[in-house]
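I opened this structure to look up the surroundings of its ligand and then a few strands and residues. The entries follow in the order in which I worked.

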Amino acid sequence: NARDMASLRTALLAVPDLKRLLAPYRKGLLAKLSSRIDSHDAVLDELRRGIVDDPPFTVREGGMIRKGYNVELDELHDIAENNNAWMQDFELRIKEETGIKNLKVGFNKVFGYYIEVSKGQVSQVPDSFIRKQTLVNGERYIVPELKTFENKILSAKEKIQQLEYYLFNEIRNCVRDELVTIQDTARAIGELDAIYSLAMAAFKGNYVCPRLSDKGEIIIKDGRHPVVEKLLERELFVPNDVQLNGQDERLIILTGPNMAGKSTYMRQVALLVLMTQMGSFLPCREAVITPVDRIFTRVGASDDLATGQSTFMVEMNEVANILKNATSRSLIILDEVGRGTSTYDGMSIARAVVEYINEKIKAKTLFATHYHELIELEDLFDGIKNYSIAVKEKGNDVVFLRRIVPGGTDRSYGIHVAKLAGLPKKVLDRADELLEEYAAEAPLSHKGTHHVEIPKQAEQDGAQGSLFGDTIRDTLMGLDVMTMTPLEAMNTLYQLAEEAKREGGKLS
Ligand SMILES: Nc1ncnc2c1ncn2[C@@H]1O[C@H](COP(=O)(O)OP(=O)(O)OP(=O)(O)O)[C@@H](O)[C@H]1O
Ligand SMILES: [Mg+2]
């Protein structure tokens, strides 16, 4: 429709600037894209002259074609629009001829044009007037001249619609004749846009160029999640390394508390590999990436009840698909497989899947889980490595350090996270009680041997925001600055500073 034509016009108007910006590039990708971008001057000229600034959706009701584009159309508009002048003129003339002073010429949608005479003057109406409608206070008439005028106006409006539709089709055909090159221009601009976006992201986010390898390894130093790092408000994003290869570090079992950052980390690795293969720079300090044939993921919970798939069924279908299609050149991200069923069923499936991938498929894999029993697989199979995300216990609180460290962990701190989420205290207390009971029975034994020592470095590098942010934030939020004396304010500030130093943060 004409709106599409107006959009095309807006787009084509921007093309000359693009061409000018690309002109200095004489070879390479930008030059190639530039050569595919055509300014379509003739089409643009038609669109500028032909289509109004803000055309309607409908194409059969006129209002699309600009004044000055077509002489015949302008004449019709003249007729259709200048009817008021003619009516006033006609009214004056009839008043004079009949001597009826308060006679009026008007129009309504049902009866068309009419001459209205009030009751008192009806006797003066000449015989040539044809009565059309009787009102409470008067009569309405028509005369042949007014009828002719009416036909002319109505047919002018109709003709405008037809002529506009015809002209619009001409313009549309003119666009259609250039369709192939317009589309290629659009594609080239799309590609340019994508490249530009990647370049801007790389520039603003200090991305680096990854090195490509064919040795099967994926090594990322200080990698960041390109989206999460932008969205964090109260914390700084903590960069992390990854080291995968086709041999001794093929499959990582990732454990760590809820909320620690396992899912973020795994997606970050997958995203960075994907970005490499798109031709993008990466948010990291350094990377060596071996291209993968596919990235498989199984994350989150969803169901598809309408097609007969329960939550767990969807999960298993996805896992089946991965196990069928992944190769040794694939990257697999599995986030808590087996969670949607009973503990032993889930854990057994999780372990069998890990063993199968590691022994049969040999794909590079990240496997996040709360089945802490799986960390013993590191000792049983080549290629499996345990990593976990470090946390620090502080009194009753858990501080998330966001650091990936070698080794597994055997605690999830689920109840702590439930508390953060605001579960009622009664529920939390009862959960704590039950946890102690279950742990005492210990059917899923807690293995002390795999406890991780958090390296001092990780502790210090950890997210400063969460290290001491909570206490300081709570104190700040509890202050009523308006009622404090200057001395109180000084004292409080001093205490906050001391607190910050004591907790070993690096506020500066
Ligand atoms: N490296 C990081 N630096 C800073 N913040 C992070 C980092 N990684 C994750 N986060 C924050 O922690 C939140 C929780 O992370 P994530 O969902 O990855 O945890 P998880 O370990 O998968 O938890 P769960 O076991 O409950 O699934 C994220 O939404 C993000 O805000
Ligand atoms: Mg998760």
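**Ligand 1**

I began with Thr264, where a polar side-chain atom lies 2.6 Å from an oxygen atom of ligand 1; a polar contact here is a pair of N or O atoms within 3.5 Å, and within protein one of them must be able to donate a hydrogen and the other to accept it, while residues adjacent in sequence count only if both atoms are side-chain atoms. I note that this is a predicted model, in which local features need pLDDT of at least 70 and side-chain atom pairs count only at pLDDT 80 or more, whereas totals for chains, interfaces and linings use all residues. Residues are numbered from 1 along each chain as its sequence is written, chains are lettered from A and ligands numbered from 1 in the order in which they are written, and side-chain values use heavy atoms, with hydrogens and water left out.

I then looked up two further contacts: an N or O atom in the side chain of His370 is 2.8 Å from an oxygen atom of ligand 1, and a polar backbone atom of Met259 is 2.8 Å from an oxygen atom of the ligand. On its own, ligand 1 has 640 Å² of accessible area, of which the protein covers 79% (Shrake-Rupley method, 1.4 Å probe; for residues, only the protein chains shown count as cover).

Which residues come nearest to ligand 1? Of the 16 around it, they are Met259, Lys262, Ser263, Thr264 and His370, where a residue counts as near if one of its heavy atoms lies within 4 Å. By class I find 7 nonpolar, 5 polar and 4 charged residues in this shell (Ala, Val, Leu, Ile, Met, Phe, Trp, Tyr, Cys and Pro are nonpolar, Asp, Glu, Lys and Arg charged, and the others, Gly among them, polar). Helix α9, residues 262-278, gives the most to the shell, with 3 residues; helices (H or I, at least four residues) and strands (E, at least two) are DSSP runs numbered from the N terminus.

I looked up His225 in the loop between β6 (218-223) and α8 (228-231). His225 is buried at a relative accessible area of 8%, where buried means under 20%, exposed over 50% and partly exposed in between, with a 1.4 Å probe and protein chains only. Not counting residues up to four places away in sequence, His225 touches Phe237, Thr264, Arg267, Gln268 and Leu271, contact meaning heavy atoms within 4.5 Å.

Val273 has its place in helix α9 and is buried, with a relative accessible area of 0%. Its contacts, neighbours within four places in sequence left aside, are Ile218, Ile289, Val292, Ile295 and Leu331. For Val292 I noted a C-alpha to C-alpha distance of 7.9 Å from Val273, at 19 residues apart in sequence.

**Strands**

Strand β13 (residues 384-394) runs antiparallel to β14, joined to it by 7 bridges; two strands pair if DSSP finds at least two bridges between them. Lys392 stands opposite Val399 in β14, and in the hairpin, with 2 residues between the strands, Gly395 takes a positive phi near 60 degrees. Why is strand β14 (residues 397-406) largely enclosed by the rest of the structure? I put it down to burial, because 8 of its 10 residues are buried.
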